[in-house]
Amino acid sequence: MNNFRLKPFFKVKKVRRPNKHLIMLFAAFSFLFTFSKSSYVEIKSRNIEKFLTGDRSFLMKFYTPDCAQCRSTAGDYADASLAFDDIPFGGVDCSEEKAICQKYDITKYPKIILLKNTKTDLENNQKSSDSQSSDSHSENTKERIDFKGPWTVDGFLDFVESNTNVKARREPKYYTELNPMNFENSTRDKKCTFVTFYAPWCGHCKRFLPTANTIAQAFQVEQDISVAVLNCDTYKTFCEENDIKGFPRVRIYKNWTKIDPSHLSSIKASLNIESNENKNENQSEDEQNNVKFFGDDVEIVEFRGRRHATAVAEFINTNCGTERGSNGLLIDSAGLLEEAKPIMEEFLLAKSENDKESSISEMKALNNAEFYVKAMQRINAKGIYQLEKDLEIMMKILNERKGSASAIDGMKKRYNIFEAFLLTAKTLGLYVDGNNRKSSDL
């Protein structure tokens, strides 16, 4: 990156100390901006009565703009509000609505209470002709329940579900949730288990868990791979015993076999000390940062790469022998054979039919080269440009994920190999892409 500075278009003047009220105003704006795409409503003295006298349960969060935890949990609260149609989520700014906060005896922030409607849904849905029905839905029909639980999306959803008869719309979870009782059996059961150790209050964990879920969904078709998480806030002792320090801590557990005790001292590596001797100049920075060490009967690889789905998928592929992308499809190199390259070039350069048939016979002798053979036969029958049309059809199928997992994997390998023929033909000057092609090329 070039090191330079743009010249300012104005002269910099001495800046006065920021006004405290402006800081609070900005904090309040930032807090409310978090909820702009949620079902959250800001509670004021002018609108609170319609929630108190309505026939629905109602969740209220009391906060102040200068409260750090209020701001850090605002996103989870906003996300949780989208999971319910029948439970409004509200917020009360106690720096402005002091009367409301005093009414509910709020002395510290943030504070969440559920005003639970004591009427059943059946009673609420029945149209009563009783003349007193207009007075039946009063604040007195609502029971106050103070929030207890983790300040996370799931924590808020669990709290509402456990105290009402309303079910939340939840994003499906594809990863396995581990605990000390099932940890060893679950990790032994697979060739590789990708485990994220996390704490619900950890901001980096909140951002990474959706990535772990994406990876779990992508790798669910792999029989020997599992993706799991373990809550170190719930199982503190277990995490301490396994030297989990700092969150999220991400590892692969693999090759559960009994290691000769006499070899342990020579193969054990510290979690926090990297040996420069183990670094390879041909490895990427992420690969070099990943640390291998051994337990008594398991190999563990510590993930120290970038916390995005592509890097995680590459980490699993490198350590577990898979070829899966973060989108669930096989990667672009899947199915390609190094030993097939010279035969492919020989075929494309062949002048006679006998030479082409000879190349096809040579390709058939290779293991796992059936798609190479199909591509060669396709070119023989309809020409190199037919592969373009074939690739368009295959891409549509891949994008729509039509078919079984094994069929989609086979289609991606076929796609990769057909594309390899086009790229090789282009390198050899035997193929011109659509943008530069003349009618004489067809």
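Residues are numbered from 1 along each chain as its sequence is written, and side-chain values use heavy atoms, with hydrogens and water left out. Because the model is predicted, local features need pLDDT of at least 70 and side-chain atom pairs count only at pLDDT 80 or more, while totals for chains, interfaces and linings use all residues.

Helices (H or I, at least four residues) and strands (E, at least two) are DSSP runs, numbered from the N terminus. Two strands are taken as paired if DSSP finds at least two bridges between them. Five strands form an open sheet. Their order is β1-β3-β2-β4-β5, and the pairing is mixed. The edges are β1 (40-42) and β5 (142-146), each of which pairs on one side only. On average, neighbouring strands of this sheet are turned by 25° against each other, direction ignored. Axes here are lines fitted to C-alpha atoms, for helices over the stretch in contact, and angles run from 0 to 180 degrees between N-to-C directions. Within the sheet, strand β2 (residues 58-63) and strand β3 (residues 89-93) run parallel and are joined by five bridges. Y63 stands opposite D93 in β3. Helix α8 (residues 153-163) packs on this sheet. The helix touches β2, β3, β4 (111-117) and β5, where contact means heavy atoms within 4.5 Å. The direction of α8 makes about 25° with that of β4.

Strand β9 (residues 249-254) is a buried element. Burial is defined by relative accessible area: buried is under 20%, exposed is over 50%, and partly exposed lies in between (1.4 Å probe, protein chains only). Six of the six residues of β9 are buried, so the strand is largely enclosed by the rest of the structure. Both of its faces are covered. R249, R251 and Y253 lie on one side, and V250, I252 and K254 on the other. Strand β7 (residues 192-198) pairs with β9 in the antiparallel sense over six bridges. There, T196 has V250 of β9 as its bridge partner. Strand β11 (residues 299-302) also runs antiparallel to β9, through four bridges. I252 is partnered by V301 in β11.

The β9 and β11 strands are also linked through side chains. R251 and E302 meet in a salt bridge (2.9 Å, N to O); the term denotes a side-chain nitrogen of Lys or Arg within 4 Å of a carboxyl oxygen of Asp or Glu. This pair links distant parts of the chain, with R251 in β9 and E302 in β11, 51 residues apart. R251 counts as buried at 2% relative accessibility. E302 is likewise buried, at 1%.

The count of salt bridges comes to 20. One of them joins D146 to R144 (2.8 Å, N to O). D146 is partly exposed at 28% relative accessibility, and R144 is partly exposed at 35%. Another joins E338 to K341 (3.6 Å, N to O). E338 is exposed at 57%, whereas K341 is partly exposed at 43%. A network of salt bridges links D154, D158, E161, R170, K173 and E177.

Nonpolar cores were also identified. Such a core is a set of buried Ala, Val, Leu, Ile, Met, Phe, Trp, Tyr and Cys residues joined through side-chain atoms within 4.5 Å. The largest has 32 residues. L348, M363, Y372, I384 and F421 have the most contacts inside it. Two or more residues each come from α15 (341-349), α16 (353-364), α17 (370-382), α18 (386-400) and α19 (405-427). The largest share, nine residues, comes from α19. Not counting residues up to four places away in sequence, L348 touches I379, I384, F421, T424, A425, L428 and L430. Apart from this core lies another, of 27 residues, among them Y175, I225, F303 and A313.

Helix α15 has I343, M344, F347 and L348 buried. Seen down the axis of α15, its buried residues fall within an arc of 135°, so they line one face of the helix. The arc is that of the directions from the helix axis to the C-beta atoms. The cover over the buried residues of α15 includes α16, α17 and α19.
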